[in-house]
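Dear colleague,

Please find the structure below, followed by a short account of what was found in it.

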Amino acid sequence: MVKGYLVYQTVTEVRIGDLIDLLAHKAPMSEFERMIDQARLGGAPDDELAGLEAAARQCLRIAAQAEGSRRREAGLDALVDAARELAVPYDLDTLLQVTTRRARHLLGMDMAYIALLDEEHGYVRVHAADGHTSSFSVGARLPAANGLGVLGQSGAGPYWTSDFLADDRVEHNEAFDELVRAEGLHALVAAPLNYGARLHCSVPSGVLYAASRHVRHFTADERSLLASLGTLAGMFIEHTRLRTEAEERAKELEVRLDRSRAREAEAREVGEVRDRMVDLVLAGANLHDLVVEARGCLGAAVAVCSVDGRVLAAAGSLPGEPDPLAVAAALDAGGDEPVPLGDGLWVAPVRAGARCVGSVLVPSGSGPDAGGRQVLRAVARSVALLLREDVANGPRAQLHECLLEDMLAARHQAPRQLDERARRAGVDLDRSHVLLVARPEGGVSGRVDAWTSAYALRAGGLRNSRGDHVVLLVPGEAPGETAKRVSAELTEAAGSPVSVGAAGPLSGAAAVHDGYQEAVRCVDAITALGAIGGAASTRELGFVGVLLSDDHDVAGFIDAAVGPLLDYDQERYTDLVPTLEAYFEEGGSPTYAAGRLHVHTNTVTRRLDRIKELLGPEWQKPERALDLQLALRLLRVRGSLLGPGADGGASAGAR
């Protein structure tokens with residue numbers, strides 16, 4: 001009995017030792033099963049087989065624990081490697097791509113991707129993917145209402161499912177389900193990403209997904225690894241965001257610094273140009289010297305012009321001949337800044353105080369930059385120091401203005417001396433002249449100055465600007481016709497109505513003062529009649545020019561006298577107003593009025609009855625009749641001033 005026990009004990013110990021060897025060599029479970037099968041075939045007793053099976057199970061349990069520890073250690077090593085790789089200063093897109101690749105390999109999955117929350121637009125967007133097989137994944141937008149696709153109900157921990165589409169626990173969304181179907185995914189595990197303002201928020205800023213195309217379960221270790229990777233990714237995403245913002249702020253500061261340096265350089269350049277130009281002026285340089293220096297400063301051709309468009313000095317060739325009206329219009333619109341003319345030129349105003357006395361022109365090319373415009377403005381200001389009004393308008397123009405001003409100032413100021421001065425200036429006052437007073441709406445502008453200066457130069461006459469109007473003394477015999485022509489052309493050039501009163505023909509300096517007063521009365525009468533933009537002399541106005549003054553309400557007077565007749569004619573296309581005119585002109589005779597109108601006497605009688613109904617029974621009394629005749633006369637004069645196309649007989653126009 002003792003001998004048998006010893007043999008049994010020895011055999012059992014030997015076989016258990018073999019199991020330990022298998023455990024030590026990490027043998028597979030099949031080897032353990034094979035050893036137990038051999039013992040059973042060798043006739044080992046049941047109690048020995050039970051002991052071997054218990055020892056084998058213990059060895060397998062130890063092996064499983066060791067394998068789990070090894071896998072956890074390998075997972076932690078992989079997580080450390082991932083942290084090292086994520087720590088590289090990537091841009092955001094690259095960082096997300098590295099994270100998805102790491103997540104996929106960390107768990108041995110088929111696919112991984114990251115979706116980030118867009119709170120402003122209320123959706124999540126897939127920003128990066130690894131292992132995807134369709135084009136639907138990257139860039140896909142998913143509603144955020146279901147918690148970033150699937151995570152609304154999972155809190156801050158990872159969420160997993162062995163078969164997503166078949167899992168009833170998931171609140172499915174068609175867009176997300178379509179993405180899963182397109183990739184053929186089944187098992188899915190997701191970990192939240194938190195960063196920035198949502199770092200400690202229960203709703204995550206994004207989600208890191210890992211998925212398999214087969215049904216499988218995820219261990220606690222695998223879920224923990226993905227959650228740790230999500231935490232690391234969130235931290236590095238925030239780090240990348242902050243670094244990117246810092247870099248952008250640094251770039252913005254650098255741009256601002258560069259702009260500040262550029263402005264300082266431009267200011268130094270402008271200051272240097274201004275200093276050189278002022279030094280030339282103080283040294284007694286002439287306009288030509290100044291223009292040559294300006295060309296060197298600007299690196300382009302330069303021309304200085306007077307207000308009437310004449311080139312006073314130039315250095316280099318401009319691409320075209322400047323249009324005086326275009327220059328004047330550009331200066332009016334641009335204020336003190338250089339402005340483009342649209343014909344290959346830029347123009348800068350030369351101002352003496354508040355008045356523009358000339359301009360500086362340069363080729364535009366593609367247009368000077370801000371620094372070039374600053375230099376151009378500095379040149380214009382320096383030119384203004386030398387280009388006084390007498391120089392800007394030219395000696396001849398200045399002489400003419402002074403001469404006409406002296407003629408207008410007094411009636412008996414040595415007319416012989418003024419005639420002699422006019423002859424020396426090339427103006428023969430022995431010839432018949434017309435004096436024009438042009439009053440533009442809105443005042444005298446640069447366009448008006450330019451046009452009237454050029455007109456006086458072409459006509460061989462004189463020009464002077466006085467307050468709200470311009471005075472022209474030009475050769476001519478027909479003041480009314482000249483006034484209408486000047487009004488039409490100057491209205492077009494100025495872009496606003498210009499009323500012109502005329503006097504003449506006159507000759508000699510002594511007649512200029514009285515002619516000026518007469519022309520002023522004519523333009524005042526035109527304004528009082530409401531015919532703004534009209535033109536006339538006393539010949540066209542007749543006694544109206546003498547009777548009217550600024551405070552008379554002519555339109556109101558016409559309307560009060562014959563307004564009912566005007567309305568009736570306009571509404572019914574009748575001729576009551578012409579009939580009343582003919583009646584008064586024929587001395588109150590219906591018969592003669594009928595002959596004048598080429599109608600039957602009964603027609604005139606019926607019309608007079610209608611006039612009586614409209615104006616009242618006392619319309620033929622002397623006082624009332626005089627008012628009617630004066631109103632009809634004013635209406636006719638006003639119609640002639642407005643021209644043949646105007647509706648001088650309309651009540652609305654009278655009013």
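A residue is called buried under 20% relative accessible area, exposed over 50% and partly exposed in between (1.4 Å probe, protein chains only). By that criterion Thr 579 is buried, with a relative accessible area of 0%. The model is a predicted one, in which local features need pLDDT of at least 70 and side-chain atom pairs count only at pLDDT 80 or more, while totals for chains, interfaces and linings use all residues. Residues are numbered from 1 along each chain as its sequence is written, and side-chain values use heavy atoms, with hydrogens and water left out.

Thr 579 belongs to helix 19 (residues 576–585); helices are DSSP runs of H or I with at least four residues, numbered from the N terminus. Not counting residues up to four places away in sequence, Thr 579 touches Leu 597, Val 604 and Arg 607, where contact means heavy atoms within 4.5 Å.

Ala 593, in helix 20 (residues 590–597), is likewise buried, with a relative accessible area of 0%. Apart from neighbours within four places in sequence, Ala 593 contacts Ala 582, Tyr 583, Glu 586 and Val 604. The C-alpha atoms of Ala 593 and Ala 582 are separated by 5.2 Å, the two residues being 11 apart along the chain.

Elsewhere, Val 273, Arg 276, Met 277, Leu 280 and Val 281 in helix 6 meet Asp 289, Leu 290, Glu 293, Ala 294 and Cys 297 in helix 7.

Yours sincerely

Key
Helices (H or I, at least four residues) and strands (E, at least two) are DSSP runs, numbered from the N terminus.
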